[in-house]
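Hi everyone, thanks for coming.

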Amino acid sequence: MSKWAILSGIEGNLAAYEAVMTDIKRQGNAVEALYILGDLVGPRLETEKLVKRVRNPQPGELEPLICKGWWEEQCFILHGLGPTGEATDLMAKYGGETVKLLWESVSRQTIQWLRTLDFGFFELDCLLIHATTVAVDEELTPETHPIIMCDRLSRMQANNLFCGRSGLAFQYQLQAGSITTSTTTLDSQAFPITINISPRQVIGVGNVGRIPSKAKYTLYTPSTNHLEFRTVRYGVSKGFQVKSPKVVSY
């Protein structure tokens, strides 16, 4: 059965990307689509080599579908192309050395290419995005409140939301149910509105490049809704590991 390979958070780590691509090739022709959900670039001097590698697939490899992520937005801000004029979030989280390294690692030419990338993808009943439609830095985790999860799914009428901002690999299931809401003002009280909810889920796809020697990504089979979280070890201790999804149900 055909599968999707879903990656996020390569962060300029060329060795990690190569390890994942090798693992995908082990699947034979089972993988029909390759998604990279943001944070392709990062504060690494090899980032330009990574971008060139991704943009020029080797014979037999899939052309990746790539969307923007948090690190891409930080690049836009540094080059005066973002929603704000100062990289305050980047400075507060990582400090001046990382700001300088990111500036040196991503060329202006690459920035222009990154600007052409999509914000996310909607395929079948699946939304594939770096974070959420609310913000590029919003992290969904197994601890996120069910109401928030329901809202993020409902905004695009998706049954499956794949995201990579948290860097975690998890499966968060919302069971069938209903939500009743009403609004009370000083003048009147509106009639309650009941919203029925069908079973839906949020999937954290893992992170490829953040942890040295350990890359995590997800395989998804649309026809059966089957998930497979994979951990690929590279470098001195090589190999791969398949983990059952961490499931949180509500």
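The chain comes to 7 helices and 14 strands; both are DSSP runs, helices being H or I with at least four residues and strands E with at least two, numbered from the N terminus. What you see is a predicted model, where local features need pLDDT of at least 70 and side-chain atom pairs count only at pLDDT 80 or more, while totals for chains, interfaces and linings use all residues. Residues are numbered from 1 along each chain as its sequence is written, and side-chain values use heavy atoms, with hydrogens and water left out.

How much of the chain is buried? Of the 250 residues, 47% are. Buried means under 20% relative accessible area, exposed means over 50%, and partly exposed is in between, with a 1.4 Å probe and protein chains only. Now contacts, which are heavy atoms within 4.5 Å. Taking contacts between residues at least 6 apart in sequence, 69% join residues at least 24 apart.

Okay, let's go to helix H3, residues 70-78. Here 7 of the 9 residues are buried, among them Trp70, Trp71 and Phe76. And what do the buried residues of H3 pack against? They pack against helix H4 (88-94), helix H5 (96-105) and helix H6 (108-114). After H3 comes Gly80, with a positive phi near 70 degrees.

Stay with Trp70 for a moment, and let's talk rings. Rings of Phe, Tyr and Trp (its six-membered ring) pair if their centres lie within 6.5 Å; planes under 30 degrees apart count as stacked, over 60 as edge-to-face and the rest as tilted. By that rule there are 7 aromatic pairs. One of them is Trp70 with Tyr94, a tilted pair at 6.1 Å centre to centre and 50 degrees between the planes. Trp70 sits in helix H3 and Tyr94 in helix H4, 24 residues apart, so this pair links distant parts of the chain. Elsewhere, Trp4, Tyr35, Phe121, Phe162 and Tyr220 form one aromatic cluster.

Next, some strands. Strands pair if DSSP finds at least two bridges between them. Strand S5, residues 126-129, has Cys126 and Leu128 pointing one way and Leu127 and Ile129 the other way, and all are buried. S5 runs antiparallel to strand S4 (residues 120-123), joined by 4 bridges, and Glu123 stands opposite Cys126. The hairpin of S4 and S5 has 2 residues between the strands, and Leu124 takes a positive phi there, near 55 degrees. With strand S6 (residues 160-163), S5 runs parallel, joined by 3 bridges, and Leu127 stands opposite Leu161.

Last stop: Thr218, in strand S11, residues 214-221. Why does Thr218 count as buried? Because its relative accessibility is 0%. A polar atom of the Thr218 side chain lies 3.1 Å from the backbone oxygen of Val205. Leaving aside neighbours within four places in sequence, Thr218 is in contact with several residues, including Trp4, Val205 and Phe229.

Notes:
Polar contact = N/O pair within 3.5 Å; in protein donor to acceptor, adjacent residues only side chain to side chain.
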